[in-house]
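Okay, everyone, let's take a look at today's protein. Have the picture up while I talk.

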Amino acid sequence: MSRLTTIAKHLAFGALMSACSFGVFAEAPPISDKQKKNAEALIQKALDSDLGFEIVESLTTEIGPRLGGSEAEKRARDWGVKLGQKLGFDRVGIEEFTMPFWDRGHLHIAMTAPYQQPLYGTALGGAAPTKTQIDADVVYFRDIHALTDIQDGALKGKIAFVDGDAMVKSQTGAGYSQANQRRRVGWQHAQRGGARALVVRSVGSDSHRFPHSGMMSSDDGEWAEIPVIAISNPDADHLRRLHQLGKTLSLSLHSESKWEGEVDSGNVILDLIGSEKPEEIVLIGGHLDSWDLGTGAVDDGAGIAITTAAAALIASLPERPKRTIRVVMFGAEEVGLLGAFAYAKQHENDLSNHVLATESDFGAQTIWQIVSNVNPEATALVDEIAKILSPLGIVRGGSDVAGGGPDIIPLAAKGVPTIRLNQNGHDYFDLHHTPDDTLDKIDPDELAQNIAAYAASIYLLADSAVELKKN
Ligand code: ZN
Ligand code: ZN
């Protein structure tokens, strides 16, 4: 069958189907012709626009690294407010909260036996300082499971080193939460074993000598009393080979990282007020804070740029969508989702009006999939949205599977419906929390594809006649 014949048959079938749907099913389609036209125009406009790249360029260049609770994070909030005003949001403000501040400080780490060699490491978030310089032999653990079995006190006077493997690069970032265990809870076992310090292989997929930072987990509100350091993948490989040769390893380390008391942080809120249901909120956002080794371009300057630019494009339509679109620039995400928990608490009486939430926090590569966790009626709407996004190379993924993103966790836990526009994460864990997370890693065209997808889908959801509220 020729291609033209196929298309003709397809059209005839389509005409028959729409005749049926008017004749038999009188319900309006979930997306009107006007909404479809607006969504397609938003996609085109986003692909032609430099706005998103300009936003992330401005944030990473004019503000730079933005550790949660730092003075730089405060400058970033002021930057976010000014940006929201300039882009024509209807309501712009900051919701403040307080938090404990952890500062990285200076670190020196080197191998001293079987010979002298510098290592590239960084303290993990929440780690204690060394009281004096630590010089000690290493006890090698092939992975976190080996350390978990340690007897109390068995590591007295030693430095524990937890190896593992470099992450395998993948579209979905699979394997992160497992690899992350040595970073998150390794200290609890090393400390129980009496180790003077814990050193872990970085959680990342790169083969550069950059360490990956990241937060540890507290143990019922208690933080590590020992220094905890992540070293680069090649350095971990090196220690492993020497261990396999039967060599005794010694390290020397000095770290100044420490907790420094309560400070102010906050979430920046930018609203486009809905024209018919202003009380109903479609929440999108990213996190404004970053780790301090790079400039937080892919994590998460990109998410701030994508969601702010998408909302700004929707603001340029002649009419506001029916529901309020709220961009939240969350504070202090990296150090424990503190802005997210503060938001959920400050809005606890209003959460039933949050009809949808999603965050962009997985870099700046293209979106390949849309997933959802919404009402059955809204699931059909997301199916239709996926068709409008398909020219961008986006496919529909499962329903009932969207987590919404890290800062959405406290909202989703309270029943707020979520979608997620899943980005290709192939290169994400090469850069994640390293000094290499800088603006040059963002491809402006890939960023624009993200903005196109957000602008179209968020407009359609916010403007839809379909009930988004959970019953
Ligand atoms: Zn992030
Ligand atoms: Zn991060």
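Predicted model: local features only at pLDDT ≥ 70, side-chain atom pairs only at ≥ 80, totals over all residues.

Residues are numbered from 1 along each chain as its sequence is written, chains are lettered from A and ligands numbered from 1 in the order in which they are written, and side-chain values use heavy atoms, leaving out hydrogens and water.

So, the overall picture. There are 13 helices and 16 strands; those are DSSP runs, H or I of at least four residues for helices and E of at least two for strands, numbered from the N terminus. The C-alpha trace spans about 80 × 55 × 40 Å along its principal axes. Of the 471 residues, 56% are buried, meaning under 20% relative accessible area with a 1.4 Å probe, protein chains only.

Back to helix α7, residues 233–244. Its 12 residues reach 16 Å from first C-alpha to last, close to the 16 Å expected at 1.5 Å a residue, where the expected span is 1.5 Å times one less than the number of residues. Buried here are N233, D235, A236, H238, L239, R240 and L242. And what covers them? The cover includes strands β2 (107–113), β3 (117–118), β5 (134–141), β6 (159–162), β7 (197–201) and β8 (228–231), counting contacts as heavy atoms within 4.5 Å.

One last thing on contacts: between residues at least 6 apart in sequence, 84% join residues at least 24 apart.

How values were computed:
Buried < 20%, exposed > 50% of the residue type's maximum accessible area, 1.4 Å probe, protein only.
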